[in-house]
Amino acid sequence: MSHTTKVLHRIVMTRIMSKIRPHIAVSKFGFVPDKGTRNPIFTISLLMERAVELQYNVYLCFIDYSKAFDKVKHSELFGILDQLNIDGKDLRNFRNMYWEQMAAIRIDAE
């Protein structure tokens, strides 16, 4: 993205976040200000230590979110944002930034 697009993206995201924040679950660490992933990782570490002490089995499930985010259905995402009463101008800018995005990798060959 160009620098201008990044500035526009930050402005639109700031406006949208004020309306989206009440709909984000409290368990979504890393997506909410002042709620990083350090505390949950520390908590899991403590639970694992305690489980070893008490000889309990512990089962964890890790999800590869990079693949999940690659599969976002943009038409449904924009429909949800529209239902949250996001300003039409911001929604249009957001849609234009992400609609049919493509990336290319250039490799200099000898």
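In the predicted model, N85 lies in the loop that links α4 and α5. The phi angle of N85 is near 60°, a positive value in a residue that is not a glycine. With a relative accessibility of 58%, N85 counts as exposed. Q55 belongs to the loop between α2 (38–54) and α3 (65–70). The relative accessible area of Q55 is 72%, so this residue is exposed.

The protein chain contains five helices and zero strands. Read from the N terminus, the order of elements is α-α-α-α-α. Of the 110 residues in the protein chain, 12% count as buried. Contacts between residues at least 6 apart in sequence were also classified by separation; 55% of them join residues at least 24 apart.

Helix α1 comprises 18 residues. The distance from the first C-alpha of α1 to the last is 25 Å, close to the 26 Å expected at 1.5 Å a residue. The buried residues of this helix are V12, I16, M17 and I20. Their packing partners are α4 (74–83) and α5.

The crossing of the pair is left-handed. On the α1 side, the contact is formed by T5, L8, H9, V12, M13, R15 and I16. On the α5 side, the residues involved are K89, D90, N93, F94, M97 and Y98. By residue class, the contact of α1 with α5 divides into seven nonpolar, three polar and three charged residues. V12 and I16 take part in this contact and are also among the buried residues of α1. M17 and I20 are likewise among the buried residues of α1.

Terms used: Residues are numbered from 1 along each chain as its sequence is written. This is a predicted model: local features need pLDDT of at least 70, side-chain atom pairs count only at pLDDT 80 or more; totals for chains, interfaces and linings use all residues. Side-chain values use heavy atoms; hydrogens and water are left out. A crossing is left-handed if the near helix is turned anticlockwise from the far one by less than a right angle, and right-handed if clockwise. Helices (H or I, at least four residues) and strands (E, at least two) are DSSP runs, numbered from the N terminus. Contact means heavy atoms within 4.5 Å. Ala, Val, Leu, Ile, Met, Phe, Trp, Tyr, Cys and Pro count as nonpolar, Asp, Glu, Lys and Arg as charged, and the others, Gly among them, as polar. The expected span of a helix is 1.5 Å times one less than its number of residues. Buried means under 20% relative accessible area, exposed over 50%, partly exposed in between (1.4 Å probe, protein chains only).
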